[in-house]
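Hi,

Here is the complex I promised to pass on to you.

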Amino acid sequence: MDEHNMLHKANEISKFFASYPHEEAVAGIQNHLRMYWVPRMRRQIIDYVENGGTELHPLGVEAVKRLDAPVIRS
Amino acid sequence: MTLIKESDYGTPRSISDQMVTLEIDGTEVSVPAGTSIMRAAVDVGTQVPKLCATDSLEPFGSCRMCLVEIEGRRGTPASCTTPVEPGMKVHTNSPKIAKLRRNVMELYISDHPLDCLTCPANGDCELQDMAGAVGLREVRYGYEGENHLHEEKDESNPYFTFDPSKCIVCSRCVRACEETQGTFALTVKGRGFASKISPGDMLFMDSECVSCGSCVQACPTATLTEKSVIEMGQPEHSVLTTCAYCGVGCTFKAEMQGNEVVRMMPYKDGKANHGHSCVKGRFAWGYATHKDRILNPMIRKKITDPWQEVSWEEAIAYTASEFKRLQTEYGPDAIGGITSSRCTNEETFLVQKLVRAAFGNNNVDTCARVCHSPTGYGLKTTFGTSAGTNDFDSVEDADVMVVIGSNPTDAHPVFASQMKRRLRAGAKLIVIDPRKIDLVKLPHVEADYFLPLRPGTNVAVINAIAHVVITEGLTDEAYVRERCDMEAFQRWAAFIAEERNSPEAVEAVTGVPAADLRGAARLYATGGNGAIYYGLGVTEHSQGSTMVMGMANLAMATGNVGRRGTGVNPMRGQNNVQGSCDMGSFPHEFSGYRHVTDDSVRAIFEEAWNVGLQGEPGLRIPNMFDAALDGYFKGLYIQGEDIVQSDPNTKHVTSGLGAMECIVVQDLFLNETASYAHVFLPGSTFLEKDGTFTNAERRMGRVRKVMPPKNGYGDWEITQLISNAMGYEMNYSHPSEIMDEIAKLTPTFAGVTYEKLDRLGSMQWPVNDNAPEGTPTMHENGFVRGKGMFMVTEYVGTEERTNDRFPLLLTTGRILTQYNVGAQTRRTANSQWHDEDVLEIHPWDAENRGIEDGDLVSLTSRAGEVSLPARISERMQPGVVYTTFHHPETGANVITTEFADWATDCPEYKVTAVQVNRAYTPSDWQKRYEILREQTTQIGDVAEIAGGGA
């Protein structure tokens, strides 16, 4: 997925959960990514954060760091 | 099979706990108070002769045929307008009455053509029947005097004729237009002998008539007659089925001659439509036999190659071989499927099973992705169920209706008629919409509050309404305390009470005057039963799911969920949106909305299907295009959807499709998506197969085969063929067996069988041990999720903003006569009402640009540009323009962008920043489209095309 598009989506998700207390918000974002994003998309955003990407909402960064490494079938 | 003839009781049923006992022709009968003598007589087996009375209309008492005698009373009152009274003794026949009736009939017939043998109503004429019933043997007045026998026919409507020479001015048509449809297009012009029915001194086609057919249905003579009946004659048998158009899901009698449809008649006992219809369901079924229909499978290596007709065996083998090749080369997740809301529950269930079990992944999605996916997310989060709360009939108990982002008179016309009836009876109405939709002001209907918000500010408006409820103490505290999660409520209430959510604070953003918003909030919260009806104007936004939750919050806070007359009710766009979602069409859910990551749920399906299943969510439709462009998604099976025309940002869609190696389209016609396909599998119409549709009120209705499939197979059979060719065996011999499997695997459908559906007519899920005949109202004794969950719904403005380059906002929608991508309705006479998409623009915006009505204009966004004619309309607010997406050459979705709902990826069709200017030629995209369309729709042997088709 186009990186800009991916970040836009992740930031929109983060903005919704930002209304909640910190821990709840991070868990909400993490859960949303786990439940609705395919492994490749999760892999992509994990890579983005691991590579020091700076355009992701801080809550999103925390949530992504909590994601398990997805298994991508080939 | 026989022709279904419904009983006509003459006057509507009276609802009363009080029973009245009387005697009719010596037989005692008890009926509810308020019942007419005419109707009570039916209960003792007597049909009193009648012409102006029919049980779908209030009694009128004009025809003087239904006269009776009542002991102790003078005269001969009309039995249709005389209510029963205790102890009454009625005589429905006597020499005196018989003579009166004959004399009246004689007068009617003296001004009626005596062409019964060649009359199209022959065999279905109440006038003829009544002449027989009263024993008319002569007409003493002759036919030479003044008469109406040479009145000119009005044949302007493509579907029915108006022949005033046969009219008896019973006013049934006028009353049907008023009472049933609520359009008030017809009137009785003139007085006495000069009285005539008129659509307002003009042709029907030029009038306010919406061609719903209710006048034709009500007419007791051949005055208003379907042209198909005039052409073909009377039907000889009929089959009950469910309409394949909008989410109302009307029950129809398909009235047939052999395998040919003569007409579609709305069924009186249909629980969604109660005998009413709209121009689409009633008349626009001719696409089923249109010459454009493709009836033979076709394949091609490249999309620029001409199509080659092949046998079914070859087409299926090629499909399976290509899909297997792609999985071998690119991995098991390289292919997927798309289910359709235009197909049956059984067919969508089978496609998702094909993907999960035969393809071995969860890359299945459905067109609800681009319409009501936020409904599923929002209502499941707050209430626990991804569906609307109430049935349509519940509106009869609504005191205040809130219509948000929905245009029922165009998109759900039969339910709109029911709404209008309730509004005429006194219910209040709040309309929240950027456009002044028809419901805002109609004959005898006017919104109490119209809140014309700026597109994209729904959440700010709903929060402000909730702010008024919370801060003015209008909360139903007892309801909230008993039924809802209090911690979540308190958090939400604290958020919503913040001043930044007040009507005054958001007025500058929403454009809604604060005083009006406060008034609307107070009305909803204190006006009695409050029912919210909403459509795609809610869901198709970057905050679509947030808005659904916002409405759910408001309904819970005011105690407006869980009983008749209330609720949060999504108006589903297509006939089976609800069903396709229920059947597990989303990439993260099995049927019944159970997540694929749930090991216990997966185990149930693995055991039943005898195959291991993926525990990861699959690709959503827009992600399929992304994945294709990234090179790891290569094959797609699309049943009954036209994603190139209906999905946003056409350039992105077609680029994605262009990057795939095998696209299989199963459809009736070579739709726009077929231009990018490598295999075309001809589909079947709803007339050609068995199954079920689930409408917007969770009502499952039977679809019944009335003719053999012209393409050779029902769509479910084609999916089964692919599955078997892929190596995963399916052996269903009838869709009822698929439904049995659905019921076995899905708790909310546990009690559904075809036998029960046939017996009851229809059922609303859940259907299980607790509700063996279905559930009209959800959450009656508490929310499905346990406690109702208030969600914090912060307004986050869309990133799609106007600027100097794109100063206007485009919002898109649909109109009455066309349906979705128009593949069906464009191939009917409905195009006589709407043969092209136009751009509605406010006079102020038009004048600023030197645009006059009818001018060709360019519509440009950051995604693309198209040209289309302008229509200057004060329905628009300044700064907002509107168009429809029914015609592919318009390319409305060339303009829309990739912005989408944060939770579900439902596209933000309703907010696109655009510029409009005078244009003189089609856009570059439109020019390229014409060339591409020409190139990609060639069929190998041209001679065969001319001889083919239906």
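This is a predicted model: local features need pLDDT of at least 70, side-chain atom pairs count only at pLDDT 80 or more; totals for chains, interfaces and linings use all residues.

On confidence, the predictor gives the complex an ipTM of 0.98 and a pTM of 0.96. Chain B has a mean pLDDT of 96, with 99% of its residues at 70 or more. One stretch to treat with care is residues 942–950 of chain B, where the pLDDT is below 50. Even so, leaving aside near neighbours in sequence, that stretch has 12 contacts in the model.

Now the helix pair. H13(B) and H17(B) make a right-handed crossing. Helix H13 of chain B covers residues 458–471 and helix H17 of chain B covers 514–526; their axes come within 9 Å and cross at roughly 65°. On the H13(B) side, the contact uses B:Val461, B:Ala464, B:Ile465, B:Val468 and B:Val469. H17(B) answers with B:Leu517, B:Arg518, B:Ala520, B:Ala521, B:Arg522, B:Tyr524 and B:Ala525. By class, that contact has 10 nonpolar residues, two charged and no polar ones.

There's another pair in chain B that I'd look at: helix H8 (residues 312–330) and helix H25 (residues 715–726) pack with their axes 9 Å apart, at an angle of about 55°. That angle makes H8(B) oblique to H25(B), and the crossing is right-handed. From H8(B) come B:Ile316, B:Ala317, B:Thr319, B:Ala320, B:Phe323 and B:Lys324, which meet B:Leu721, B:Ile722, B:Ala725 and B:Met726 of H25(B). The contact of H8(B) with H25(B) has eight nonpolar residues, one polar and one charged.

Finally, the interface: 16 residues of chain A are in contact with 21 residues of chain B. On the chain A side, helix H1 (3–17) and helix H2 (22–36) each supply at least two residues. H1(A) gives the most, with five residues. By class, the side of chain A that touches chain B has nine nonpolar, three polar and four charged residues.

Cheers

How values were computed. Residues are numbered from 1 along each chain as its sequence is written. Chains are lettered from A and ligands numbered from 1 in the order in which they are written. Two residues are in contact if their C-beta atoms, placed from the backbone, lie within 7 Å. Helices (H or I, at least four residues) and strands (E, at least two) are DSSP runs, numbered from the N terminus. Ala, Val, Leu, Ile, Met, Phe, Trp, Tyr, Cys and Pro count as nonpolar, Asp, Glu, Lys and Arg as charged, and the others, Gly among them, as polar. Axes are lines fitted to C-alpha atoms, for helices over the stretch in contact, and angles run from 0 to 180 degrees between N-to-C directions. Angles under 35 degrees count as roughly parallel, over 145 as roughly antiparallel, 65 to 115 as roughly perpendicular and the rest as oblique. A crossing is left-handed if the near helix is turned anticlockwise from the far one by less than a right angle, and right-handed if clockwise. pLDDT is the predictor's confidence in each residue, from 0 to 100.
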